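Okay, thanks for having me, everyone.

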Amino acid sequence: PTGRARLTVDDLPVRPELRGKSPYGAPQLDVPVRLNTNENPYPLPEELVGRIAERVTEAARGLNRYPDRDALELRAALARYLTATTGHPVATESVWAANGSNEVLQQLLQAFGGPGRTALGFEPSYSMHGLIARGTGTSWVAAGRGADFELDAGTARRAIAEHRPDVVFVCTPNNPTGTAVPAETVLAVHDAAQQVRPTLVVVDEAYVEFSHGTSLLPLIEGRPNLVVSRTMSKAFGAAGLRLGYLAAHPAVVEAVQLVRLPYHLSAVTQATALAALEHTDTLLRYVDRLRAERDRLVVELRAAGCEVTDSDANFVQFGNFDGPGGAAEVWRLLLDHGVLVRDNGVPGRLRVTAGTPEENDAFLDAVRAVMKEYD
Ligand code: PMP
């Protein structure tokens, strides 16, 4: 309106590596069927909503004070959950929590990455690993995956020997492909990395509750440089809560405490998460249903003529859209049918999150219609 060109980020004295970059962001569009951010489609049960209200009311009475800086009660509850579900005894001192696992990963890179240091991941994978590296001044190296998006131990060893990373990310089940990484491969990556120099290996298990196999958490025993990161955003159906956590040697927890902001987890967040963890069984009751829906998506997408990557998560990667418009065109056509999926930039592929049976039916109908238009 002033007639002057709009001031942009690039006009400001920002760090040079941020110039010309875009923020992370899956579109938050208001369409009937939203299957693009790997959320749990089921709202929290009413009994839990009531319990959250009670615990938050209690916390509100003490909001004049800072919250428990070390979130001890919450970390103890998370340790009990991990112990109960993995069969591996996890102590409170081995658990750390933050505002989403994104913040956990950021704190890990602040402590173990940073300027002059390098982090390595196996792409396509969770794009925030590279973005958090950039945000913390850590150099990012993307190594590849095999033809079926599996993580090959030989390729991993060569990439580690070549790039000598300080931090290695292994995402299992991997986002956006759904691929699980076997324990032997994670161990091979860990051992190869330690041979070069002491290296932190971060196993991102955001989707592990949906997987066929078991958590790799027991591998932290005797391996102080191996960290398992988790979240309540997916299987727990609490993405809006913003609660992520890690399990590792207590020394790793001490290290992240050197970089975390004091009182980073609000009293409201701690109260809400504690209420949620009182109802773990209720929260996780949809996991089996979502797994079954995921398996149905795989079968039906294959029947519709799509190539589908085997998935251990609550989402499915499908394609292979190798026409001139590529995956972007199919993404747009699905949106025209009222269905929002994710284009993660993997050539020819899209990713769909398992929703409710009705949402998945709508998605599958749209795919069948689009496959006709696309051919
Ligand atoms: N890791 C992976 C692999 C993810 O896909 C996500 C969410 N998309 C996260 C971590 C971060 O989740 P949150 O910050 O909600 O815990």
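First, some ground rules. Residues are numbered from 1 along each chain as its sequence is written. This is a predicted model, where local features need pLDDT of at least 70, side-chain atom pairs count only at pLDDT 80 or more, and totals for chains, interfaces and linings use all residues.

So, domains. The protein chain is assigned domain 1, covering 27–44 + 285–374, and domain 2, covering 46–278; such bounds come from an automatic or database domain assignment. Their centres, taken over C-alpha atoms, are 26 Å apart. Where they touch, 23 residues of domain 1 are in contact with 22 residues of domain 2, and contact means C-beta atoms, placed from the backbone, within 7 Å. On the domain 1 side, α10 (287–303) and β10 (315–319) each give at least two residues, with α10 supplying the largest share, four residues. Helices (H or I, at least four residues) and strands (E, at least two) are DSSP runs, numbered from the N terminus.

Now, how do helices α5 and α6 pack? Helix α5 (residues 153–163) and helix α6 (residues 183–196) have axes 9 Å apart, at an angle of about 20°. Axes are lines fitted to C-alpha atoms, for helices over the stretch in contact, and angles run from 0 to 180 degrees between N-to-C directions. That's why α5 and α6 count as roughly parallel: under 35 degrees is roughly parallel, over 145 roughly antiparallel, 65 to 115 roughly perpendicular, and the rest oblique. Among the residues making this contact are A156 and I160 of α5, plus A188 and A192 of α6. By class, the contact has nine nonpolar, one polar and one charged. Nonpolar here is Ala, Val, Leu, Ile, Met, Phe, Trp, Tyr, Cys and Pro; charged is Asp, Glu, Lys and Arg; the others, Gly among them, are polar.

The second pair is α11 (residues 326–336) and α12 (residues 357–374), whose axes come within 10 Å and cross at roughly 130°. So α11 is oblique to α12. V330, L333 and L334 of α11 meet A366, V370, E373 and Y374 of α12.

Key:
Contact = placed C-beta atoms within 7 Å.
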